[in-house]
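Biologist: Could you put the model up, so that we can go through a few helices together?
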Amino acid sequence: MAFDGITVSNIVKECNDCLIGSRIYKIAQPEADELLLTLKTEQGQKRLLISAGASLPLIYLTENNKPSPMTAPNFCMLLRKHIQNGRITGISQPGLERVIRIDIEHLDDLNDLCKKTLVVEIMGKHSNIIFCNEDNKIIDSIKHISGMVSSVREVLPGRDYFIPETQNKQDPLTIGKETFLACTFEKAAPLYKALYSTFTGFSPVIAQEICYRAGLDADRPAASFEQADRESLYHAFSALITDIKSKNFSPNIVYENKSPVEFASVKLTMYAADASVSYQSVCALLEQYYAQKNAVTRIRQKSVDLRRIVQTALERNVKKYDLQLRQMKDTEKRNKYKVYGELLNTYGYGVEEGAKSMEAMNYYTNEMITVPLDPLLTPSENAKKYFDKYGKLKRTYEALSELTVEVKQEIEHLESILTALDIALLEEDLVQIKEELTETGYIRRKGNAKKQKITSRPFHYISSDGYHMYVGKNNFQNDELTFKFAAGNDWWFHSKTYPGSHVIVKTNGEELPDTTFEEAARLAAHYSKGRDQEKVEIDYTEKKNVKKPNGAKPGFVVYYTNYSMIIDSDISGIQPFSESNP
């Protein structure tokens, strides 16, 4: 999914429709690389979210607010000083670049009218938010780029601002037919690649859409097409550019298996009509898609340290477990040595001095076996040697029988914590996972540091039949749901094979419909390590059948009476509980 120049053009149109003449009421910087502008317009209050995050750069209008740090960062303070209460006079896009210029008028300390420009560059890992004066000099930026980092352009206070031209691409809004044909079809690359590498603002998906509209094979080398095909491609390209120039946009998201795979501001006709969902506003489209994407990305960044601790411990325990299994394999010889010793005690009197082996009947199997002997030892000494080996391997086996169980449980516990980290959506979810790692000894509590307040709560869904379903986000919540919250006749669900969440369905003493059983099982499949599998086997039973062994790890339970079902992990049709959806 590409945030391309066409999407930027659509955003510029929507912002121009409602933000021209608006006043900048508040300026916040919720994250190190993100701004949230609150604007007063004739239609009411609007918010403009701008992110220069390397993983998810974006800009769109939103109704939602975000919490800000107690102390505003320097860049935020600078903007407040210069453009707080300023008026937006223009929003523009140079060509089809992924750049938005927001022109602002404000009064300085002497009440003189001044002009400033906030430049938003949506360029992947090179994204930035740059604040310039009316002479196009950089006042400051949310990211400072020195000559040590980039040889193309410095982004530092006092430098001239310009858009770097590193790829020598053509402007699709101004190019003529002859130049289009010459630039596109001289390349040996696949046709769609020749398109997006030639023109500014085109993403691979838009290039493939143009090829599809022209009826051409996008993967065929561009230079191999005949003149008629080249004319067809130009007509499809020209029709798309006409829509862009006339601001005729059709924002839509394309889904496969109920998961979004692409979005664009023009209709993607190369996909089936029933696979796409259209939106009146590109900002609404982006907010729905990126809000969840952005939250997951940021929480993953914040959980890197915890994930590294768990992964390191998991790898260490897996290596230990593999070694123990190999040692257990070696102990399988112990009974053979015991038999050798017993046979030597029984038949050793007939062995000649210096013999290297003894043939004897194994009275356990009634088969003849050969017992190897050390010729320097007597039969009784050889028997003692075999009994010593047997005793050592027996002791090893008994010790490893306990150790392998412990290490296996530790591996399962660590895998369950990794699953909890995958499920985590909010910072408070990470707090509880960190507390679990501290209590289990993987993180040392610093000095007299107090236990952090836990505010994370389980997921809460409502079934199609109106029953409340709760999903633990981590092992602590799993224990709390199962052993403190659930009643004896409530139903308990969990993946049979994979670590994952406990799911509790409150029955209120009633018999559950089949639909609710299936929806609860889908939740258990989705919130497990097996969520990417086509089908997951789920065990379910009444809560009264679930027990916790003494001294067991958080989240670990046993049960001996249960039912099972195999089901997919699609929860798109299951509604989260809210006060408006009780």
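This is a predicted model: local features need pLDDT of at least 70, side-chain atom pairs count only at pLDDT 80 or more; totals for chains, interfaces and linings use all residues.

Biologist: How do the axes of helix 9 and helix 10 cross?
Modeller: The axes of helix 9, residues 334–347, and helix 10, residues 379–423, come within 8 Å and cross at roughly 155°. Angles over 145 degrees count as roughly antiparallel, and the two helices are therefore roughly antiparallel to each other.

Biologist: Left-handed or right-handed crossing?
Modeller: Helix 9 passes helix 10 in a left-handed crossing. On the side of helix 9 the contact involves residues including Tyr337, Tyr340 and Leu344, while helix 10 contributes, among them, Tyr386, Phe387, Tyr390 and Leu393.

Biologist: And how many of the contact residues are nonpolar, polar or charged?
Modeller: The residues of this contact of helix 9 with helix 10 divide into ten nonpolar, four polar and five charged.

Biologist: Changing topic, where is Asp514, and is Asp514 buried or exposed?
Modeller: Asp514 is found in helix 13, which covers residues 514–526, and Asp514 is exposed, with a relative accessible area of 59%.

Biologist: Which residues of helix 13 are buried, then, and which strands do they pack against?
Modeller: The buried residues of helix 13 include Phe517, Leu523 and His526, and the buried residues of this helix pack against strands 15, 16, 17, 18, 19 and 20.

Biologist: What span should helix 13 have?
Modeller: At 1.5 Å a residue, the 13 residues of helix 13 should span 18 Å, which agrees with its end C-alpha atoms being 18 Å apart.

Key
Residues are numbered from 1 along each chain as its sequence is written. Side-chain values use heavy atoms; hydrogens and water are left out. Axes are lines fitted to C-alpha atoms, for helices over the stretch in contact, and angles run from 0 to 180 degrees between N-to-C directions. Helices (H or I, at least four residues) and strands (E, at least two) are DSSP runs, numbered from the N terminus. Angles under 35 degrees count as roughly parallel, over 145 as roughly antiparallel, 65 to 115 as roughly perpendicular and the rest as oblique. A crossing is left-handed if the near helix is turned anticlockwise from the far one by less than a right angle, and right-handed if clockwise. Contact means heavy atoms within 4.5 Å. Ala, Val, Leu, Ile, Met, Phe, Trp, Tyr, Cys and Pro count as nonpolar, Asp, Glu, Lys and Arg as charged, and the others, Gly among them, as polar. Buried means under 20% relative accessible area, exposed over 50%, partly exposed in between (1.4 Å probe, protein chains only). The expected span of a helix is 1.5 Å times one less than its number of residues.
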